[in-house]
Amino acid sequence: MRGYIHTFSLCIVIALLSLLFLFSKHDAESFLKQVRGPLEPSVAKNFNGVKSKQRPTATRSLRLGDVADKVTSPGQRETLMQLAVVACGERHREAVNMLKTTAMLSSRDLRFHIFAEEQLHTNIKAALDSWPAYIRVKFSYVVHPISFPHENHEEWSQLFKPCASQRLFLPMILREVDSLLYVDTDVLFLQPVELIWDMLALFNSTQLVAMAPEHEEPRIAWYSRFSRHPYYGRTGINSGVMLMNLTRMRRTHFKNDMTSVGLHWDELLMPLLQKYKLNITWGDQDLINIIFHYNPEMVFTFPCHWNYRPDHCIYGSNCIPAEEEGVVILHGNRGVFHSDKQPAFKAVYDAFKLYTFGEDLVKSFLLPLEVALNGTTHTYCGKVSYFFTRGLGKYVKRIQRRTPPGG
């Protein structure tokens, strides 16, 4: 009898323990579900909620139509396009000519952020204010002083060309601006700026900048042959045309080769310069390449006709998208807008410079430009200069039809 009671008691204890185990497991699972809800996205995904192993979207085949097709919701577009340029010394004349091309071709509102030395502000304002009312209504502008961190002002201002590295500090200076298109002064828009602005809607949730490759062919590209520092992709990226989501740039922690933790953009710049300043040739562009070498998922790479340079035609055509769709943005780096080295590039620059607002766009701008380009066919770039007018001609004729006589 005593043995039976002992066995029965043992069974009751085991049953009670089993029930306690089941209840505790249920409570633990409920607790974990509550905890995992908020934690899993930050552990398994990056700051924008995309899995960390996600590959960047392939954009090498991006075409002009892709932008128009994918930007369908009004909420995907910024209503005001923000454009920045840095102009020091004689470069302010180039900057004004570049802004003229945007105002001529754009049909949407623009805001220009012009960074220039104090002595140039009056001339820049006078040039922009002299344009006719039907052009000035398209844009507003702010002329900013050149601004670098006080403790390293001299080092930053003379890093490459005077003031060129100002672009590195735009996320911190323009804190009220969400997105921005930065361009060098030696850039001309041959098609409306909204075409590249609308690429912002194509960014996936890891991407925060858009740039074109430095070259199309690694065997003859500068970075792949001569660079003494890390660079983005196979040939590096060119920062002369740089579309930026500044909000993401300010919030992001960037991986780097100096610390085991990510650093914010403004925390990264000076340590990078100190580490690599003896190994960089192209100044701030090299620093940008180093940053995105370690953060390639953050770059949206657009094709060469969005940043078309002499390298794309000097030894023969190597930018296939330009052959198919024309040049969108012409970048006259190495001073080709002002020399006889590449007369086709200079012809386009001079055509914009000489055109007076209010004149017939076809008769006074497009036709003289085509005549000038026909005189450059003794050069490789001249042989393909019809790339320059393919899209430009279409938009010029469209604008001329809409423009009343006399402007």
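Helix H15 has 14 residues, and from its first C-alpha to its last it reaches 19 Å, close to the 20 Å expected at 1.5 Å a residue. The expected span here is 1.5 Å times one less than the number of residues. Helices (H or I, at least four residues) and strands (E, at least two) are DSSP runs, numbered from the N terminus.

Some ground rules before you dig in. This is a predicted model, in which local features need pLDDT of at least 70 and side-chain atom pairs count only at pLDDT 80 or more, while totals for chains, interfaces and linings use all residues. Residues are numbered from 1 along each chain as its sequence is written, and side-chain values use heavy atoms, with hydrogens and water left out.

**Exercise 1. Find the buried residues of H15 and say what covers them.**

*Step 1.* Set the cut-offs: buried is under 20% relative accessible area, exposed is over 50%, and partly exposed is in between (1.4 Å probe, protein chains only).

*Step 2.* Go along H15 and pick out Leu-361, Val-362, Phe-365, Leu-366, Leu-369 and Leu-373 as buried.

*Step 3.* Look for the cover, using contact in the sense of heavy atoms within 4.5 Å. It includes H3, H14, helix H16 (380-383) and H17.

**Exercise 2. Check the span of helix H17, then locate its bend and its packing partners.**

*Step 1.* H17 (residues 386-402) has 17 residues and reaches 24 Å between its first and last C-alpha, close to the 24 Å expected at 1.5 Å a residue.

*Step 2.* The bend sits at Leu-392 and comes to about 35°. For a bend, you take the angle between axes fitted to the seven residues ending at a residue and the seven starting there.

*Step 3.* The buried residues of H17 include Phe-387, Phe-388, Leu-392, Tyr-395 and Ile-399. The packing partners of the buried set are H3, helix H8 (194-197), helix H13 (320-325), strand S9 (329-331), helix H14 (343-354) and helix H15 (361-374).

**Exercise 3. Is Val-384 buried or exposed, and which residues does it touch?**

*Step 1.* Val-384 lies in the loop between H16 and H17.

*Step 2.* Its relative accessibility is 11%, so Val-384 counts as buried.

*Step 3.* Skip the neighbours within four places in sequence, and the contacts of Val-384 are Tyr-308, Cys-313 and Ser-317. Ser-317 is 67 residues away from Val-384 in sequence, yet the two are 7.4 Å apart in space, C-alpha to C-alpha.

**Exercise 4. Why is S4 described as largely enclosed, and how does it pair on each side?**

*Step 1.* Five of the five residues of S4 are buried, so the strand is largely enclosed by the rest of the structure. Ser-179, Leu-181 and Val-183 point one way, while Leu-180 and Tyr-182 point the other.

*Step 2.* With S7 (residues 237-245), S4 (residues 179-183) runs antiparallel, joined by five bridges. Ser-179 faces Asn-245, and Tyr-182 faces Met-242.

*Step 3.* With S1, S4 pairs in the parallel sense over two bridges. Tyr-182 turns up again here, as the bridge partner of Ala-84.

**Exercise 5. Work out how S6 pairs with S7 and with S8.**

*Step 1.* S6 (residues 209-213) is mostly covered, with five of its five residues buried.

*Step 2.* S6 and S7 are antiparallel over four bridges, and Pro-213 has Ile-237 as its partner in S7.

Definitions and conventions. Pairing = 2+ DSSP bridges.
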